Amino acid sequence: MTPGTRTRVLGISSGKGGVGKSSVTVNLAISLTARGHRVGILDADVYGYSIPRMLGLTEAPEVESEQIIPPEAYGVSVVSIGFFVGEDQPVMWRGPMLHKALEQFLVDVAWGEPDYLLVDMPPGTGDVALSMAQFLPRCEFFVVTTPQAAAQRVAQKTAFMARKLKLPLRGVIENMSWFTGDDAKRYELFGSGGGQSLADDLSVPLLGQIPLVPAVRAGGDSGVPVTVSDPEGEAAAAFGAVAERIEAMGPARIYRSELKVN
Ligand SMILES: Nc1ncnc2c1ncn2[C@@H]1O[C@H](COP(=O)(O)OP(=O)(O)OP(=O)(O)O)[C@@H](O)[C@H]1O
Ligand SMILES: [Mg+2]
């Protein structure tokens, strides 16, 4: 990643864990490749990495002339701390080490120049976001939330953090919005309206609603994401719609005094 890169960096974040950040990251990445883009994923959830498993990647990456070659799954290049530590081993790093590792994942990785680099952020706010803001000042932030009001309040914190770091907040993605039963009825298991009202509060668009589909979970566990195994299904269509919105909105325009050329 060079400073002049045309790569759009999409930071996928959330206020709390388990809302589906990693599932959104993986399936959105595949939807973007299906639309003809070159895509990479940086798994920045160093303490709770899950991208390798979700994409069925187990091999350690090769290193060529001191550059890490990111392994590919379904056309998506991936780098994760999971490639470098043993499975089930806890990562216990202090801030500076974390900062250094993230820098290496950007500088010492032969990313090429993807059209999109999706960054799976750890839940909440903190060190990783600070580092990302420093290394990738053009990182666009997206907040994943579930439909209930409680989740929305937590998600709001992430949004405030993005604003503090002067990173553009581009939209909200609501996950687990409903379950479609065999009777074709939509059941709103986690309530409704949370994504839209968070988007309204933050003055950004709600980019899509991803239904709760058992195949999404199964895909994460098996390493074959639902956008690959069932590209015509309800979930894949929802991810595809979000990809289309993100593509259509184009990169963020950023006005920051410190980036101004005098
Ligand atoms: N739309 C969905 N339909 C069905 N299951 C889903 C959906 N989204 C996520 N899941 C499942 O919910 C669980 C949590 O999702 P995921 O790991 O993507 O969340 P996360 O926000 O990345 O969590 P963490 O904070 O632990 O990193 C996983 O088992 C995943 O397969
Ligand atoms: Mg995750």
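**Exercise 1.** Is Phe-190 buried, partly exposed or exposed, and why?

*Solution.* Buried means under 20% relative accessible area, exposed over 50%, and partly exposed in between (1.4 Å probe, protein chains only). Phe-190 has 34% relative accessibility and therefore counts as partly exposed. Phe-190 is located in the loop between β11 (186–187) and α6 (194–202), with helices (H or I, at least four residues) and strands (E, at least two) taken as DSSP runs, numbered from the N terminus.

The model is predicted: local features need pLDDT of at least 70, side-chain atom pairs count only at pLDDT 80 or more, and totals for chains, interfaces and linings use all residues. Residues are numbered from 1 along each chain as written, chains are lettered from A and ligands numbered from 1 in the order written, and side-chain values use heavy atoms, without hydrogens and water.

**Exercise 2.** Determine which residues surround ligand 1 and which helices supply them.

*Solution.* First, count residues with a heavy atom within 4 Å: 17 residues surround ligand 1, and the closest are Lys-21, Ser-22, Ser-23, Asn-175 and Pro-211. Next, assign elements: α1 (21–34) and α7 (214–222) each supply at least two shell residues, and α1 gives the largest share, three residues.

**Exercise 3.** Identify polar contacts (N or O pairs within 3.5 Å) of ligand 1 with Gly-18 and Asn-175.

*Solution.* A backbone N or O atom of Gly-18 is 3.0 Å from an oxygen atom of the ligand. A polar side-chain atom of Asn-175 is 2.9 Å from a nitrogen atom of ligand 1.

Terms used
A polar contact is a pair of N or O atoms within 3.5 Å; within protein, one must be able to donate a hydrogen and the other to accept it, and residues adjacent in sequence count only if both atoms are side-chain atoms.
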